[in-house]
Amino acid sequence: MPAPLRPVRRRAAAVLAVLAATATALTTTGIPAAGAAGATGLFGAEHRAASSAASSAADVYLSPDGDDHASGTAEQPVRTLEHARDLVRARTGHLTADLTVHLAPGTYRQSEPLVLDARDSGGNGHRVVWDGAGSAVVSGGRQVTGWQQVAARPGLWAAPAPSGLADTRQLYVDGVRAQRARGEVPVDLTVTSTGYTASAGTLATWRNIGDAEFVYTSGETLWNIARNGLGQWTEPRCPIASATGTTITMAQPCRDNSNKRVEFPDIPGRTVSMVGPGKLTNSGHASYVENAYELLDQPGEWYFDRSAHTVYYLPRPGEDLRNADVEAPVAQKLIDGGGTAAAPLHDVTFRGLQFSYATWLTPSSPGGFSEIQAGYTITGPTGWATQGLCHFVAGGTCPFASWTKMPGNVSLAHSRSIDFTSDVFAHLGAAGLELGTGTKDARVSGGIFTDISGNGMEIGGVDGTEPASGVQVTDNHLYALPREFHGGVAIVNGYTQHNTIAHNQIDHVGYSAISMGWGGWPDKIGSPATPNPSHDNAVRDNLIFDYMQMLDDGGGIYTQGLTGTSMADGEKVTGNVIHGQWGLGKSVYTDNGCTYETVQGNVLYGAAYANVASRHTDYRDALGNSDPTLVKDNWWEEGSGDSDNKGLVTTGNHIIAAPSDAPAAILGNAGLEPAYRGLLDRRIGALAVPEAPSRVGTATAGAGALQVTFNPTFADGGSPLLSYTAHVLDAAGHQVTTADISAADFTDRAHLRIAGLDAGQAYTVTVTATNAQGAGAPSLTSAPVKPGPATVLPAAPSGAKLRTSAHAATVAWTPPTAIGDSAVVGYRITVSDGRTIDVTGRDALVTQPSGKGMFRVIGGLAPGTAYTVTIAAVTGAGTGPEVKVTATTPAA
């Protein structure tokens, strides 16, 4: 049976307030409510009524308790999806009505995908409908049973691996994802040509070291948080091939693909891919090691000993493995559909189904997960030297930037008129849904995408084959993802035409919410963006918040490369409400080669660095113009004035001091339409404690005091976060004190201060998150810091600007480069009308070490009035000197 559904977060309070005020003006669209399925008997009254109303003597019935030797009627259902498919094939030649495949409530287990092709299509104007009525689960998992406590390991349980389980990367207990055992690398590592030399032979003593992998988490450098990986937007993983004594050999080709990416001989440091560095940064330092028995030390962690065919698990408080539903994914795909360009799969609907418990084993292979961006990877034995490097190196494969896409656990290509309606994609180990090459006129609506290891949904590709077109993605809720490959994106749209992504809610995601386009990177070396077939795509009326919760250099809506052939058919980004960005980036990010994009009528606030950016030169000619872009009539905080910067047109935008300053119609219209808002009340899996926070950093806050920051939890266990607790550890790993901060206060401040420590001792810190179910597992530990004195004040900020409207002004500045002996934790703004404004937040912390600008909006101003504003940086040593700026508000 499907795991119980779980309550999830509603939209932000500011949007809710406006929505409530305008609710009476909103009308429903007549779209059926998602997941509304009553049931009586095996198939339920609705199935029976639908069957008779639709004529269908040809309908096929399935039940988990059916028999594949049966006829497939309601009274004699078959058992497997494959047999149902074969019955459908025999009946589609002369359809006079839609043919429905009725799945009775329960779980349909797959060890291999259900393969569909043109023979499984509708016809004569009718469709084949696979209908689960919201109660059928298509599962690639195997139940793990027979749990016993492990002798001499208190709290640890073990069970024999079920038949058919040779390997997996995930385990779920009552629909809650368990954490594959992980921990700090227990030795110091020095990079070699084949891997590392370790400071001790510890890893060589571990059982099955060849199953472990190093994980390289990136993100911006902040305090003592290192930037590992292959760019701030990535988290590559490479398996360990072997460990002998102190010699650690990394698996190939992952090691070379992550360390030998070819560079231009005449441009030092610039990779030919033009995406990220040529080798793992920070001297190849691994953030942590994962998948080893020796790392099992926290409740909720698991390990699969493949050689002993045994699964180990440390239960969380309250879990009883004797009665729990423990699922180990076996299948790597649940549906593999399509056909050919000449004979596509067409006219098929998947309705009311839950797709769960599939894995993806490529990252466990020697190729690993050598990420480049948005879940795309460099693969193959010479990928580092040739893959996607068309025209730039001898033997480079074409087109440029055609790297390897993460597969979907539900995957279709060369398909026409395929609908996914009111489906759930959860507990999945790759991307959730892939609508690949040659997909035309597909619709995805009323769905839930959550607890997915990588990208939520992928549309089209970047390999130069037939683009996806006419895809409509509307009224879906995507949240709490990616859970494993943290550079993944909720919706990735490659080279496509006439696609619409509208009225979705995307929240609590680790990186960007929506990624559009590809191939614009050559402008980094003065070359034009890669030609591509994209045009007439629209991203409109989406509600996006609490995004980029783990990694940096992304956006709420990120676009790369040419979007059309003119402003008329270029990408349109309109009517979206985007707020609550944690990582450093932009609300709407127009990145390399982004050409012919219109950004109009959006509400954008709570960003770190910029609301809409950035400018790039159009190298398709030698005129030096900007990539043509229109930024018009948005409500934002950035406050940039009207201008025409050689084709980058900014006009008619409005400064807002609060969301309520924006039009209520835009706020109320963004996100799920009324008929679909019930999706926000559904839950997936049992309630659980939150996932651990990530990327913990510390800095001195004065003698005997520390500042602590971290990236927040975005998988909250189905219950809103209440608080975080910082645990201070001494050099021996013993806890010496703790400090709490509410989740709301941490969102506002992004740090907490802990005093009463010994100024001469080094401390590390872990952080736990708490909800109504309790406290989750601790984060990985921070690097050590001694809380020394903080006496030297920071320098003054620079570059202050005051961008005014009649009633509000955006004050912008550049953080100081000299910060004294303590980190910047905020700013103090004074206004000549007597106000003092304390500026806090994650952007106040991260913009200084990254050298990015800051801005805030000051509201409540009078028209036609001169104002003087000062800005000063705040550190553990106190408030530094001011920078001053004066401007006059225009008349009303």
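In this predicted model, T725 stands opposite T768, a residue of strand β60. The two strands around this pair are β57, spanning residues 723–729, and β60, spanning residues 764–771; they run antiparallel and are joined by seven bridges. Both belong to an open sheet of four strands, ordered β58-β57-β60-β61, with antiparallel pairing. At the edges of this sheet stand β58 (735–742) and β61 (774–775); each has a single partner strand, so one side of each is left without a neighbour in the sheet.

Strand β9, made up of residues 172–173, runs antiparallel to β10, and two bridges join them. Readers who wish to find this contact in the structure can look to Y172, whose bridge partner in β10 is R177. In general, the strands of a sheet pair through backbone hydrogen bonds, in either a parallel or an antiparallel manner.

Turning to the cysteines, the model holds two disulfides, counting sulfur pairs within 2.5 Å. With the bonded cysteines of the protein numbered in sequence order, the pairing reads 1-2, 3-4.

One of these disulfides is formed by C238 and C254, with their sulfur atoms 2.0 Å apart. C238 lies in strand β16 (residues 237–244) and C254 in helix α4 (residues 254–259), so the bond ties together parts that are 16 residues apart in sequence. The torsion about the S-S bond of C238 and C254 is about -80°, and the disulfide is therefore left-handed. Both cysteines, C238 and C254, are buried.

The disulfide between C390 and C398 also has an S to S distance of 2.0 Å. Its torsion about the S-S bond is about 75°, which makes this disulfide right-handed. The surroundings of the two cysteines can be read from their accessibility. C390 has a relative accessible area of 4% and is buried, because this value falls under the 20% cut-off. C398, in contrast, has a relative accessible area of 48%; this lies between 20% and 50%, so the residue is partly exposed.

A further cysteine, C594, has a relative accessibility of 2% and therefore counts as buried.

Key. Residues numbered from 1 in each chain as written. Predicted model: local features only at pLDDT ≥ 70, side-chain atom pairs only at ≥ 80, totals over all residues. Heavy atoms only, no water. Buried < 20%, exposed > 50% of the residue type's maximum accessible area, 1.4 Å probe, protein only. Pairing = 2+ DSSP bridges.
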